[in-house]
Amino acid sequence: MEEMLKIQGLTKYYPSFSLKDISFTLKKGCIMGVIGENGAGKTTTIKLILNAIEKDSGDITVFGMNHQKDEIAIKERLGYVPAEDFFTANSTLEKHAKMVQAFYNTWDHTLFNALCINWGLPLHQKIYEFSKGMKTKAMLALALAHRPQLLILDEPTAGLDPVARIEILDIMRQFVNNEERSILLSTHTTSDLDKIADYITLIHKGRIKESLPIDEIEEKYALVQGNIEILKGKEQVFIGLRKGEVQFEGLMLRETAKLFFNESYIKRPNVENLLVYTIWGEKDEESEKIIKGL
């Protein structure tokens, strides 16, 4: 399967944060969800792909081309929707379209108008009158109107109501339907990824903790739940663990879970479990160090 995006050893240093040795591949026809807590490095990674900031080391190829040397050719085939909208409040969607189309030889005004009609986006209404969902769909319409092969979306469903979220997810599904296009999607809404993602990449503190097909989460990991009494002496085998007074829940490798627990306690994990307990496990280690230092 052809590679749409390939990142190898990507590194970016800041005084208070570093993105270190990021490597992953996005194949044609796939949706990859990039997850991680705030400040993990998701948006920094996207900015580096777009050549909006300078990398310190590593290689980024998009459509087999160098992201710096071939930036113009790449961006002709790439659509981007940022986390925050870029609209001028007192302007209209039609005026924004006229500005954006000047940058693309492949701009399709018929497609843009069709998307606006289909999604209920008024061309002549002031942007400040648009809802959050309308603004997101408007940015998508602008991104799709030049017929990109790769969409990069940064938190596209953040702050949307459930109906608007479903509409945006449907747009993503339709985009990759022909298996010739791909999406890189950064999001905190992990339930969206359970519905549409083919691959998951987890970034934590500037490093990749996991990058795998979403189907393999269930094969590799197990969510274990049960009464606190059966947990005694087994805490160290968990990747991440939360304990209450009566019950516990935690994430561990499936093969390890089979060694320590009965099948009745082993459940299917989802993307949120992978994210939460990977981070929770490190927090537990940090907490223990602090307590020992008291």
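Helices H4 and H5 are roughly antiparallel to each other, because their axes cross at roughly 160 degrees and angles over 145 degrees count as roughly antiparallel, under 35 as roughly parallel, 65 to 115 as roughly perpendicular and the rest as oblique. The model is predicted, so local features need pLDDT of at least 70 and side-chain atom pairs count only at pLDDT 80 or more, while totals for chains, interfaces and linings use all residues. Residues are numbered from 1 along each chain as its sequence is written, and side-chain values use heavy atoms, with hydrogens and water left out.

**Helix packing**

- Two packed helices are described by the angle between their axes and the distance between the axes.
- Helices (H or I, at least four residues) and strands (E, at least two) are DSSP runs, numbered from the N terminus.
- The axes of H4 (residues 109-118) and H5 come within 9 Å; axes are lines fitted to C-alpha atoms, for helices over the stretch in contact, and angles run from 0 to 180 degrees between N-to-C directions.
- The crossing of H4 and H5 is right-handed (the near helix is turned clockwise from the far one by less than a right angle; anticlockwise makes a crossing left-handed).
- Leu111, Phe112, Leu115 and Cys116 of H4 make the contact with Ala141, Leu142 and Leu144 of H5, where contact means heavy atoms within 4.5 Å.
- This contact of H4 with H5 has seven nonpolar, no polar and no charged residues; Ala, Val, Leu, Ile, Met, Phe, Trp, Tyr, Cys and Pro count as nonpolar, Asp, Glu, Lys and Arg as charged, and the others, Gly among them, as polar.
- The axes of H5 and H6 (residues 162-176) come within 10 Å and cross at roughly 15 degrees, and H5 and H6 are therefore roughly parallel to each other.
- H5 passes H6 in a left-handed crossing.
- On the H5 side, this contact is made by Gly133, Thr136, Lys137, Leu140 and Leu144, and on the H6 side by Ala164, Glu167, Ile168, Ile171 and Phe175.
- By class, the contact of H5 with H6 has six nonpolar, two polar and two charged residues.

**Pocket**

- The largest pocket has a volume of about 460 Å³.
- On a 1 Å grid over the protein atoms alone, a pocket is an open set of points with protein on both sides within 12 Å along at least five of seven lines, a cavity is a set where a 1.4 Å probe fits but cannot get out, and lining residues have an atom within 4 Å of a point.
- Grid points are joined across faces, edges and corners, and a volume is the space filled by probe spheres set on the points.
- The largest pocket is lined by 19 residues, and the closest to its centre are Leu78, Tyr80, Val100, Tyr104 and His146.
- Helix H2 (71-76), strand E6 (78-81), helix H3 (93-101) and helix H5 (132-144) each give two or more residues to this lining.
- The lining of the largest pocket has 14 nonpolar, three polar and two charged residues.

**Cavity**

- A search of the whole structure finds one cavity of 30 Å³ or more, and the largest cavity has a volume of about 40 Å³.
- The largest cavity is lined by Ile49, Leu50, Val62, His67, Glu71, Ile74, Lys75 and Leu78.
- H2 gives the largest share of this lining, three residues.
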